[in-house]
Amino acid sequence: MNRTRKGKQSSRSLLVSWVPYFLLILSCIPVFLINSSSAAEIVIGSKKFTESYVLGEIAKRTLTEAAIPAEHRQGMGGTIILWQALRGGQIDAYPEYTGTIGQEILKSDHASSLDEIRESLAKFGVGMTNPLGFNNTYALVMRRSEAQRLGVRTISDLRKHPELKIGFTHEFLDRRDGWRPLRERYALPQQNVIGIDHALGYSALANGSIDVKDAYSTDAKIEENDLVALEDDLHFFPNYEGVLLFRLNMSADAIAALRRLEGTLDEKGMTRLNAEAERTKNYTRAANLYFESGAGSPNTAGESFPQKLARWTLRHLQLAGFSLMLSVIFGIPLGIVASRGGAIGQAILGFASIVQTIPSLALLALLVPFPFFGISVRTAIAALFLYGLLPIVRNTASGLQDIPRSLRESAIALGLSPITRLWEIYLPMASRSILSGIKTSAVINVGTATLAALIGAGGLGEPILSGLNLNDHVTILQGAIPAALLALLVQWFFDLLDRVLIPKGLRL
Amino acid sequence: MPASLVSMSALIRLVHVSKGYADATALRSTNLAIERGKTTVVIGPSGCGKSTLLRLIIGLIEPDSGSIEFDGASVTADNVAALRRRIGYVIQEGGLFPHLTARANVVLMARHVGKSQEEMQSRLLELCELTRFSDNLLPRYPVELSGGQRQRVSLMRALMLSPQLLLLDEPLGALDPLVRAALQKDLKEIFARLRQTVLFVTHDLAEAIYFGDEIVLMNGGRIVQKGSVTDLREKPADPFVLEFINAQRGLASL
């Protein structure tokens, strides 16, 4: 009878002293998952707009069908971020446009030939496919019926119709390669030119308020609204030929696979895929359309929603879990030091508080320029780790400080060593406060981890981001609702953990 | 010759020990010898320095000057941890750790010095019997015990390693009168049975007279008089001695 009581008791104190190990092991799980999932995969990046997403999906599927494992990090940001990620090796390939490469990446002031561009890129260890077959440049568009009625096929044809009303975006009115030089080159006579928002311009075009507007040549709206792009017969607009950039040290198989896409996608085809993507809100399905019509490999209907949800959620938990583990590993010792007060204690609490005041977006942006971080999961985890630190440090410190002096002195007077006092007396007595700090961190991390998608780290932020991009509320909710549920679940899980980890004597 | 005899029987010896805090002197230069096998009661009004004296002996604070000897050896930073295991310490609220059961509180230190389960178990039952604490209550947590029960557990914890010295800092101060009377009686029996050297701090004269082989009366950070209760009554060293005795008597006669 006594023996069993004793057994129970020592297992209790054993359990309590294993709290930190338990949390460590618990949060180590995601590390293995991260490592295993990204092993030896080709990582495709894409910019934050529909066409880039679709091309990224096409590249991914092309590689996958060539039995090369590939991952697509959607919507990582703009040109410079993608370029740096490519050079830094965080991604292996991404879709780009020749005009952008010349002007924004190589910063050359004259139009370069493909060979010149390829030569310049090679210096950075980057290769370029031949054009995929479409040119996504500025175009002037008209209603198809109107163009046919007036016999307008090229921009030069506009000279014969000075009465046409024109509505351009404000950007196009001002650009170096915009309206003014265009009018000069073609000697266009139209006087009735207004500035109008891009999206509103399509409505204005449809109801006849304007007859001509500017557009991207592969814009899905062209097909959707039954418009026609006028041929740039004097070659005024620079070429924005779609290509794929890739790291030259990528395997020969992978390069060969990507090069099979060269010349296979014309403007009409690209426009159709963009339209499909915007209509269905599903980039994978749009990409599949390419394979069905082109190379003719029919199967795979893309990831189903449950599969996607599982992938997002798993990655989300990895991000939040791994960063939480780091916060616990560093937060508790820092909290112990901080609990002793003094200048060092003040400094620790001060640092943790300041980190907390930096907006999360700004913190991500601040970390990206560092070589170790860049555009990667590491950056997201580092930012989440820093956010998770304060609640744990503060609660550990205050939990320890709240232990009555008489009990501290009793522990000393008994003759327990400092380590034993900390491990068996002080930390278990502060366990409630420490656990509630960890809980706060976990909930914050699950919420903040949605921002990780901004730097291509995935998670439930991915649908939120593409939803924002497509202005599609359903897609946004596909990420937002699971993220909120996850936060509730985490809260509930920790409430349960309290019952196991907080010593019974403190719960009575 | 008599001087050496005295030094033989003193377990604790304070020589010119003083302690001050930023705002006040807690203990003026003090000499004191605690005799083996006797109960020495330190008494005096709040702030007289009696708790400081106790905290100096257990090494919770260090003296500004002077030296403290324990069993013939000078107390230093190096040996204070080892010496604490030879001293049992009971404070007013018991000082039990709330996250540990009564049993775990009592065996905590024994476990750390590597006592076997059998040894701890037999000592535990011995102490339960000694302190009149039912062993059925051992699996309970401190919050599940009454104030008197908690003080019995605290006493068991202090006695677990058979200390040479037992320090009690107002151990009965927070108990109601009935529980207090029962515990007083039990404590006195325990001290006698163990022939325990005890240093007992209280502010209650009746309690001091009940327990004290020797009474140390303190005031304003110094020892006013040391002796038996008869000495204090009949040969007061200072007008304060009479004043203190009369004040407490006055209350008692009400």
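User: How many residues of chain B are in contact with chain A, and what makes a pair count as a contact?

Analyst: In this predicted model, 25 residues of chain B are in contact with 22 residues of chain A. A pair counts because its C-beta atoms, placed from the backbone, lie within 7 Å.

User: Which elements of chain B give two or more residues to the side that touches chain A?

Analyst: They are α3 (80-84) and α4 (102-112) of chain B. The largest share, five residues, comes from α4(B).

User: What is the make-up by class of the side of chain B that touches chain A?

Analyst: This side has 15 nonpolar, five polar and five charged residues. Gly is among the polar ones by this count, whereas Asp, Glu, Lys and Arg count as charged.

User: What share of chain B is buried, and what makes a residue buried?

Analyst: Buried residues make up 41% of the 254 residues in chain B. Each is called buried because 20 or more other C-beta atoms lie within 10 Å of its own.

User: What does the secondary structure of chain B come to, and what share of its contacts join residues at least 24 apart?

Analyst: Chain B has 10 helices and 10 strands. Among its contacts between residues at least 6 apart in sequence, 68% join residues at least 24 apart.

User: Which residues touch the most other members of the largest nonpolar core?

Analyst: The core has 168 residues, and A:Ala93, A:Val393 and B:Leu167 touch the most other members. Helix α18 (residues 377-401) of chain A gives the most, with 14 residues.

User: Why is this core said to lie between domain 1 and domain 2 of chain A?

Analyst: Domain 1 (2-35 + 305-506) and domain 2 (41-133 + 239-293) both give residues to this core, so it lies between them.

User: Which residues is A:Val393 in contact with, leaving aside neighbours within four places in sequence?

Analyst: A:Val393 is in contact with A:Gly331, A:Leu334, A:Gly335, A:Ala338, A:Ile348, A:Leu349 and A:Ala352.

User: How do α15(A) and α21(A) cross, left-handed or right-handed?

Analyst: Their crossing is right-handed. The axes of α15 (residues 305-339) and α21 (residues 431-448) of chain A come within 10 Å and cross at roughly 145 degrees.

User: Which residues meet there, and how do they divide by class?

Analyst: Residues of α15(A), including A:Leu324 and A:Val328, meet residues of α21(A), including A:Ile438 and A:Ala442. The contact divides into eight nonpolar, four polar and no charged residues.

Conventions. Residues numbered from 1 in each chain as written. Chains lettered and ligands numbered in written order. Predicted model: local features only at pLDDT ≥ 70, side-chain atom pairs only at ≥ 80, totals over all residues. Axes fitted to C-alpha atoms, helices over the stretch in contact; angles between N-to-C directions. Helix = DSSP H or I, 4+ residues; strand = E, 2+ residues; numbered from the N terminus. Left-handed = near helix turned anticlockwise from the far one by under 90°. Contact = placed C-beta atoms within 7 Å. Core = buried A, V, L, I, M, F, W, Y, C linked by C-beta atoms within 7 Å. Buried ≥ 20, exposed ≤ 12 C-beta atoms within 10 Å, placed from the backbone. Domains from an automatic or database assignment.
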